[in-house]
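Here is a report on one protein chain. Keep the structure open beside the text and find each element as it comes up.

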Amino acid sequence: MTDLRTLDRTELENLYSRLEKQYLAFKSKNLALNMSRGKPSPDQLELSSGLFDSLDARTNKTADNIDVRNYGGVDGIREAKELFAEIFAVRPSEVIVGGNSSLTMMYDTISRALLKGVRDSELPWGKLPQIKFLCPSPGYDRHFAICEALGIEMIPIDMLDDGPDMDKIEELVRKDDTIKGIWCVPKYSNPGGIIYSDEVVDRLAMMETKAADFKIFWDDAYTVHHLTDNPPHLKNILQACSKAGHADRVFIFASTSKVTFPGSGVAAMAASEANIKFILDQLSVQMIGPDKINQLRHVRFLKNLDHINEHMKKHAKLIKPKFDLVLHELEAQLGDQRIASWSNPKGGYFISLNTLDGCAAEVVKRAAAVGVKLTKAGATFPYGKDPKDRNIRIAPTFPSLAELKMAIDVLCLCVQMVSVEKLLTN
């Protein structure tokens, strides 16, 4: 394999001619492959079929003798609070269990802050002339969509190997009281697979913020989604914030969406007891109770954290070969060409690919033209604008291995073609 930067013009033109023939051959196949979102495969969904049998008409009451078919329980049933407390490593009194979507809980939390403020706000955020959020990037497109939809200005923050650039974050929050929050996916970050270091967690907990009501939105979506037998440790953010004297600083979110069924999982949030009380006072007006039937059947199916970890090993057995295939093909087809780099995650749902600057959008467009749909270039940055136009999020979980091999072959081919074009114009 050759470093493409060392080739002369004639060599690059000859290479491009060969690549173009391969591209036309793929185009003739009329492919329809989709790697645009991190969806569990049908085989993964089958792992949770036992949910359908975990509850029946004779077993519809909780340990507290509460009938889950009726009203009540705004903060969730006790068994579900205890299960998520184990997942979050917090107390049950620090947990609210909701509906099926953690994204909904995040959206609602920010919406309530705009209408009512958070516990330590002087004014509702929506009454302030300007609100800003820090957005570690590349990051989760749906976090950014929430901010954009609600009119919150986003400030991109570079992601480093151990988490977001804390020097930049500390500098900004120290002097700007319009910065009210930060988005974080702290374990197996979307899309880079980065795990926040203990130092980063501590600095987020301890840092001085000009806004007294600054909040960390800690989206621990992949906390049990490991691809290795010895998963990395993530420091407990709520404990770190409490120790630093900022117990009310963090809101933690997670769900079973990719543990059981994305369409009917269970979501939860954790926070200080003072924050939980403040939120529940507002939720009691918004709702009479969540879907307690779904909560109870999940508790009976998932049981406890040890059982969840065993269940997730079954997921890993299905998806790790897909991650291995993608990483093998990227290395085999792009390896020493010096036109791309990529992450090697230990968990989560994505692989982050960086092309040469200025190439990502054209690669995605070129792949789509032969029937391979990828996440839109720029989606992993605020406002959909990757300043270097180089990041592509690869979602390997949904396609079969055969489909995935075809899709990655197309992706690698498009990366090479667009890179050669760029080198020819330089």
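This is a predicted model: local features need pLDDT of at least 70, side-chain atom pairs count only at pLDDT 80 or more; totals for chains, interfaces and linings use all residues.

Is it enclosed or open? Five of its five residues are buried, so E7 is largely enclosed by the rest of the structure. In a regular strand, side chains alternate between the two faces of the sheet. In E7, Lys215, Phe217 and Asp219 lie on one side. Ile216 and Trp218 lie on the other. Both faces are covered, and these residues are all buried.

The table sets out both pairings.

| Pair | Partner strand | Sense | Bridges | Residues opposite each other |
|---|---|---|---|---|
| E7 and E8 | E8 (residues 250-255) | parallel | four bridges | aspartate 219 and phenylalanine 253 |

E6, helix H7 (residues 198-206) and E7 form a right-handed β-α-β unit. E7, helix H8 (residues 237-243) and E8 form a right-handed β-α-β unit as well.

## The nonpolar cores

The largest nonpolar core holds 56 residues. Which residues have the most contacts inside it? They are Phe88, Val95, Leu134, Tyr196, Leu204, Ile216 and Trp218. Helix H3 (residues 78-88) gives the most to this core, with six residues. A second, separate core has 49 residues. Leu334, Cys359, Val410 and Leu423 are among them.

Go back to leucine 134 in the largest core. Set aside its neighbours within four places in sequence. Leucine 134 is then in contact with Ile155, Ile157, Ile169, Leu172, Val173, Ile179, Gly181, Ile182 and Trp183.

## The three-stranded sheet

Another open sheet has three strands, in the order E10-E11-E13. The pairing here is antiparallel. Strand E10 (340-342) and strand E13 (391-394) stand at the edges. Each has a single partner strand, so one side of each is left without a neighbour in the sheet. From one strand to the next, the twist averages 25 degrees.

How many bridges join E10 to E11? E10 and strand E11 (residues 351-355) pair over three bridges. Serine 341 stands opposite asparagine 354 in E11. Helix H12 (residues 360-368) packs on this sheet and touches E11 and E13. The direction of H12 makes about 45 degrees with that of E13.

Nine of its 11 residues are buried, so H10 is largely enclosed by the rest of the structure. Among the buried residues are Leu296, Val299, Phe301 and Leu302. Lys292, Arg297 and His298 are also buried. What do the buried residues of H10 pack against? They pack against H3, E2 and helix H11 (305-334).

Isoleucine 293 lies in H10 (residues 292-302). Its relative accessibility is 36%, so isoleucine 293 counts as partly exposed. Leaving out residues up to four places away in sequence, isoleucine 293 touches Leu55, Val68 and Arg69. Now compare isoleucine 293 with isoleucine 77. The two are 216 residues apart along the chain, yet their C-alpha atoms are separated by 9.5 Å.

Both ends of H10 deserve a look. At the start of H10, a side-chain oxygen of aspartate 291 reaches to within 3.2 Å of the backbone nitrogen of isoleucine 293. After H10 comes lysine 303, and its phi is positive, near 70 degrees.

Conventions
Residues are numbered from 1 along each chain as its sequence is written. Side-chain values use heavy atoms; hydrogens and water are left out. A nonpolar core is a set of buried Ala, Val, Leu, Ile, Met, Phe, Trp, Tyr and Cys residues joined through side-chain atoms within 4.5 Å. Buried means under 20% relative accessible area, exposed over 50%, partly exposed in between (1.4 Å probe, protein chains only). Helices (H or I, at least four residues) and strands (E, at least two) are DSSP runs, numbered from the N terminus. Contact means heavy atoms within 4.5 Å. Two strands pair if DSSP finds at least two bridges between them. Axes are lines fitted to C-alpha atoms, for helices over the stretch in contact, and angles run from 0 to 180 degrees between N-to-C directions. A crossover is right-handed if, with the strands pointing away from the viewer, the path from the first strand over the helix to the second runs clockwise. A polar contact is a pair of N or O atoms within 3.5 Å; within protein, one must be able to donate a hydrogen and the other to accept it, and residues adjacent in sequence count only if both atoms are side-chain atoms.
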